[in-house]
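Open the model in a viewer and keep the selection panel at hand. The stops below are meant to be taken in order.

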Amino acid sequence: MNYLSVENLTKSFGIRVLFNDITFGIEKGQKVAFIAKNGTGKSTFLNILAGKEGYDSGNVVFRKGIKVGILDQMPNFNESSSISEVLFDAESDQIKAILAYEKAIANPDDNEKMQIAFEQMDLLNAWDYEIRIKQVLGQLNIHDLNQNVGELSGGQKKRIALAQVLIDEPDFIILDEPTNHLDIEMIEWLEGYLTKENMTILMVTHDRYFLERVCNEIIELDDETLYKYKGNYSYYLEKKQEREEVFEANVDKAKNLFRKELEWMRRQPKARGTKAKSREDAFYKTKEVAHQRKDNSKVSMEVNMSRLGSKILEIHHAQKAFDDLKILDDFNYVFKKRERVGIVGKNGVGKTTFLDIVLGKQQLDSGRIEHGETVVFGYYTQKGMNFKDDKKVIETIKDIAEVIPLAKGKSLTAAQLLEKFLFPKHMHYNQVGKLSGGEKRRLYLLTILITNPNFLILDEPTNDLDILTLNVLEDFLVDFQGCLIIVTHDRYFMDKLVDHLFVFEGEGKVKDFLGNYNDYRLNYKGKEVKEKAAKKEVKEVKEEAKPDQSKTKLSYKEKLEFEQLEKDLETLEVKKEELASLLNNNISDHEELMKTTKELGDVTTELDKKTDRWLTLSEFA
């Protein structure tokens with residue numbers, strides 16, 4: 001069943017063509033990723049699908065009657081609304097029933113209202129809807145629904161917008177950078193949620209693990225043309241390379257043929273017969289193929305690096321807290337040359353505060369931090385990009401330096417360096433405000449690298465960068481001879497670059513873990529399974545619950561609980577059988593195996609707990 005049809009779509013801005021005559025469709029159940037370089041029209045394309053922007057020609061048609069949910073890259077809410085007002089559509093009968101039910105539970109003595117609320121929940125089948133709402137809000141760390149939206153950060157607003165889309169449960173979801181501003185645990189939960197749910201999705205994301213695990217088709221916009229790949233990210237990389245090799249081979253073949261045919265054209269007289277005329281037509285077609293050029297320009301990074309001395313960065317007995325929130329509790333570490341550290345932990349545990357302490361932007365409560373005399377920090381942070389929109393691109397670079405020294409005694413002018421960073425000459429005098437989000441990030445990265453740092457601190461550097469730029473940035477950082485600290489939700493980026501992790505566990509505890517993020521998650525999940533097994537072994541056998549002799553029947557509230565338990569037990573039994581069946585099918589992916597095993601354990605524990613409660617209540621039912 002077709003959910004979206006895009007036919008012969010063309011969009012341009014003046015002489016600049018974003019895409020030309022592109023056609024594709026999305027069927028029910030497909031999970032499609034849209035990939036393109038920064039500045040080539042990803043956001044414009046999504047805005048067209050959302051009806052927020054027009055196009056030159058073509059058609060965009062959604063299947064009649066389906067509900068479409070859209071997650072914008074920068075959500076726009078009424079600042080005076082509360083979170084609950086933003087999240088819940090007051091016109092939804094299910095939402096009305098859930099809100100009435102929550103009020104009734106808060107006032108259990110009003111049996112009449114409780115009965116009406118219970119019947120409405122049953123009538124509208126709102127129980128599963130309530131469970132899904134609580135699951136989504138809990139996983140996205142949204143708890144205070146009365147908080148005003150105007151008080152939230154950009155990242156919090158993005159999570160509210162994501163929750164709004166998931167709770168609404170649309171038939172077709174369009175997601176623009178859904179993993180931005182989520183911590184890694186949230187991203188892993190979202191992966192699982194989108195994978196298992198029967199959803200139809202079109203997304204733009206730079207998160208390559210997310211692409212690998214969620215998507216089953218990728219469409220790529222390259223040189224104004226759309227290419228389709230029926231598979232995940234790994235399959236896309238393989239087939240893209242094959243396509244480019246075939247393209248190059250065809251162009252080379254056409255060039256050879258073109259040279260021969262050109263000689264023939266020059267030898268022949270102007271008057272030709274029919275046979276010669278057909279050969280002449282073929283010549284012009286060959287010429288067109290032979291003169292095709294593919295834009296293979298890549299970001300080039302050859303910046304110089306200041307020499308590091310023997311003393312780099314030392315942290316001794318560091319203590320830092322904000323009221324009751326401990327950030328560091330007696331933390332010690334001495335950085336060595338080529339140190340490559342990733343920082344992980346839930347939102348709000350102090351990762352960014354730690355970076356500010358390292359840079360001297362915040363002071364320790366006690367302890368000391370010592371910087372080596374030769375250390376030159378380069379700090380990339382989400383808050384640091386504060387360009388003036390009316391300033392020209394080249395002026396932004398010239399404010400730092402007119403001539404930039406490179407490695408091996410070379411140097412470049414500001415204009416030459418911009419071209420190496422994929423800012424062609426016609427963009428140099430554009431205003432910064434006209435750049436795409438990814439182009440601004442790339443310009444900001446350039447302003448940091450040209451200061452020749454030998455200690456790079458990158459706080460969420462991957463947000464809004466296209467995959468091409470990320471690949472080149474990774475290659476640059478692999479060869480970077482200085483020290484590196486990375487805070488990022490991009491697991492692929494972190495796995496490729498870091499040797500060990502500072503794991504912020506909360507309450508000021510920071511664990512130094514040897515290995516990358518994938519190693520850490522495997523270790524963490526393995527420990528979880530062992531701890532649960534150990535608790536089960538040492539758990540004392542509970543005495544059988546003795547019924548209260550004075551009790552003869554269930555209260556009204558217990559009766560409702562008993563009826564709900566019967567439904568929950570049936571659901572949990574089905575879920576347990578599904579998970580057991582998955583494990584019996586010999587899952588080959590280790591991470592998926594660990595995830596399924598954990599989920600089965602959680603379901604079994606919940607089933608046992610609810611069965612015990614059901615047995616207790618059944619004595620009086």
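The model is predicted. Begin by selecting strand 14 (377-380), helix 12 (393-398), helix 13 (414-420), strand 17 (455-459) and helix 15 (467-479), which are among the elements covering the buried residues of helix 14.

Next, select helix 14 itself, residues 437-449. Of its 13 residues, 12 are buried, so the helix is largely enclosed by the rest of the structure. The buried set includes charged residues E439, K440, R441 and R442, along with L443, Y444 and L445.

Move to the largest nonpolar core, which has 56 residues. Select L140, L166 and L194, the residues with the most contacts inside this core. Helix 6 (residues 154-168) contributes the most to the core, with 7 residues. Now show what surrounds L166: beyond its neighbours within four places in sequence, L166 contacts R132, V136, I173, W189, L190, Y193 and L194. Another core, of 44 residues, lies apart from this one; V344, Y444, L465 and L501 are among its members. Y444 was already seen as a buried residue of helix 14.

The last stop is D495, in helix 16 (residues 491-497).

Note on methods:
Residues are numbered from 1 along each chain as its sequence is written. This is a predicted model: local features need pLDDT of at least 70, side-chain atom pairs count only at pLDDT 80 or more; totals for chains, interfaces and linings use all residues. Side-chain values use heavy atoms; hydrogens and water are left out. A nonpolar core is a set of buried Ala, Val, Leu, Ile, Met, Phe, Trp, Tyr and Cys residues joined through side-chain atoms within 4.5 Å. Buried means under 20% relative accessible area, exposed over 50%, partly exposed in between (1.4 Å probe, protein chains only). Helices (H or I, at least four residues) and strands (E, at least two) are DSSP runs, numbered from the N terminus. Contact means heavy atoms within 4.5 Å. The expected span of a helix is 1.5 Å times one less than its number of residues.
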